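This report covers the domain layout of the protein, one of its sheets and one of its helices.

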Amino acid sequence: MMRGDSDWGTITENAVRSTAWLEGAGLFNSFEYKGIVIKNRRFNSGRAGLISLLEEHPEGIVIYRSGIHAMVLTDYTDGIFYLADTGGFGPAYTRFPETQMAQNANSGLTIDNVDQIWYVESPDVSIVSNDLTVSAGYSTSNTEFSWNQVENADYYNLRIWKDKLWEGDDFKTEWDCKDTKCDLKLPSGTYFAYVDVVYPDDSYKMTNVVEFKVEDGTLLYFEQGNSSAETVFSWNSVDGASSYDLKIWKDHKVWDGEAYHIEWGITGTEFSTVLPAGKYEAYLDTTKNEEYVKMSNIISFEIKNGSKLSVETGTENQATSFEWNSIPNAKSFNLKIWKDKLWDGDSYFEKSNLTELSYDVLLPKGYYEAYVDSIFDDDTYNMSNVIKFTIEKNSLKGDCNNDGTISAADIVALKKWLLNIEGAEINIDTADFNQNGSVDILDFIMLKAHFL
Ligand SMILES: [Ca+2]
Ligand SMILES: [Ca+2]
C-alpha cells in the first residue's frame, strides 16, 4: 500500500506470521515482507519521543513493554494517542484512544512505559512538512488544493481517493505538478487527498492526508435573450434547498460594485426577465437548511440590442403584418418565419435586406414562429424576440380564389379548376360549398345559385 502495491489487501496477519513471528517468543527483531523492512529498537524517550516518531512514521509503529504486551500506535491527533490491538482484547481491531489502553490490553502497557518499538525502516514514507490544504468546492465549482514548496523536490503528484483512502483505484491523480496548487472540479462525495513529493532520484514522501466533502452545487444556465426579449435563467433543483436568489451584475464582474438586479427568494428553478443591452455576470445563491451559501457557477453573457417584433395576425385570405422598431446601427432587417417550430427544418418564408420597418405576407392556415434579424453596419446581426401565432383558415364558403369576398371571380376560378385548365388554383376548403368533403360540379351549381 505504502509503495503503491495494488495487492496490499493480501498483507494480513496470517500472511506475515511465518516471516515475522516465532512461536513462543514473539516478533522477530528484524524482518522483511514484500519489500517492507521492519526493524526493532530499544526506546526510552517517553511521550515526546513517540510523537516525533509518529511524525517520521505516519504508517504507525508497534510499541512494547518487555515481557508484557504490544500494541500498534496509529497516530497522535489533537493531543491524544490512538492505538490498535491485534491481541484481541477489548475493542480489538479498531482504533481507540489511549484512555482505553488499560481495558484493552489488560496488561500494564502504557504510553509511558514503552521500552521497545518496531517501525518500518524502508520504504521511507515520512510526512514532509508541506501542509496540504483543501478548500472544498461544490460539484459545480472548483475544489482548490495548495501545499508548500518543498526544498529539492522535483515535482508533486496530487493523489485523490473517493470514499475510502487506498481502497481500490485512486479517483484521480494530478501527475507531475510543478506548481504547488491545483484546482479541480469534482463530483459530490467524500474524498481523501495527499501529495507525493517526488525528488530527482524518484524517491518520494507523502504529505498529510486531508479528508474533505464536495457537496451538490447548483448549475446555472441561461438562454440568450436580447434587449427586447426575455433572458431565461434556469438551474437544477438542489436537495434540501428552500429558495434561490439570482444576482446579476451589469458591465462589471460579480461583486464589483452594486448588483444590477437581485431577485430574492425564488422558489422554482427558473426566472425570466428582459435586460437592456450590455455585458453581464450572474450567479445563484441557494438557501439550504436556513443557511445561506454561494453555490452556483458564475455565468458571463452579453445582451445585444434586438428589435422588438410584433405581429398583426391575418387569415388565409388576409395578409399578416409584421412590424418592428429600428435600433442603433441597424442598416437592414431579415424577416424569418418557420411553420411549426423555430429552427426545425428549413424556414417557411424569409425576406432579407428589408429597410422598411414592416412587412406584410399572406400565409396559409397553420401555426408559425417568427423573428427578425437586425443587420448592423459591421454585418454582425442580432435577433429580435420570437413571436408565435396561428393563421386561421378562410371560413368564407365559396371564396374559391381566397380574396375574402364572394364575387364572379370565384365562379370563374372554380369553373377553370373543374375544367382542369392549366394554372387554375382554388382554395379546396372554401370551394367545397356544401362541405361534403369533395369539390365537384354540385359545388359549382350551388355557388352560382348563391351568387345569383
Ligand atoms: Ca372571392
Ligand atoms: Ca362539395
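## Domain layout

The protein is divided into domain 1 (8-122), domain 2 (133-214), domain 3 (220-303), domain 4 (309-391) and domain 5 (408-451); the bounds come from an automatic or database domain assignment. Between the C-alpha centres of domain 1 and domain 4 the distance is 82 Å.

This is a predicted model, in which local features need pLDDT of at least 70 and side-chain atom pairs count only at pLDDT 80 or more, while totals for chains, interfaces and linings use all residues. Residues are numbered from 1 along each chain as its sequence is written, and chains are lettered from A and ligands numbered from 1 in the order in which they are written.

## An open sheet

An open, antiparallel sheet is formed by three strands in the order β26-β27-β30. Strands (E, at least two residues) and helices (H or I, at least four) are DSSP runs numbered from the N terminus, and two strands pair if DSSP finds at least two bridges between them. At the edges, β26 (309-312) and β30 (358-361) each pair on one side only.

The antiparallel pairing of β26 with β27 (residues 320-324) extends over four bridges. Glutamate 312 is placed opposite serine 321 of β27.

## Helix α4

Within α4 (residues 408-418), Asp410, Ala413 and Leu414 are buried, meaning that 20 or more other C-beta atoms, placed from the backbone, lie within 10 Å of the residue's own. Viewed down the axis of α4, the buried residues fall within an arc of 95 degrees, so they line one face of the helix; the arc is that of the directions from the helix axis to the C-beta atoms.

Just after α4, asparagine 420 adopts a positive phi of about 60 degrees.

Notes: A residue is buried if 20 or more other C-beta atoms lie within 10 Å of its own, exposed if 12 or fewer, and partly exposed in between; C-beta atoms are placed from the backbone.
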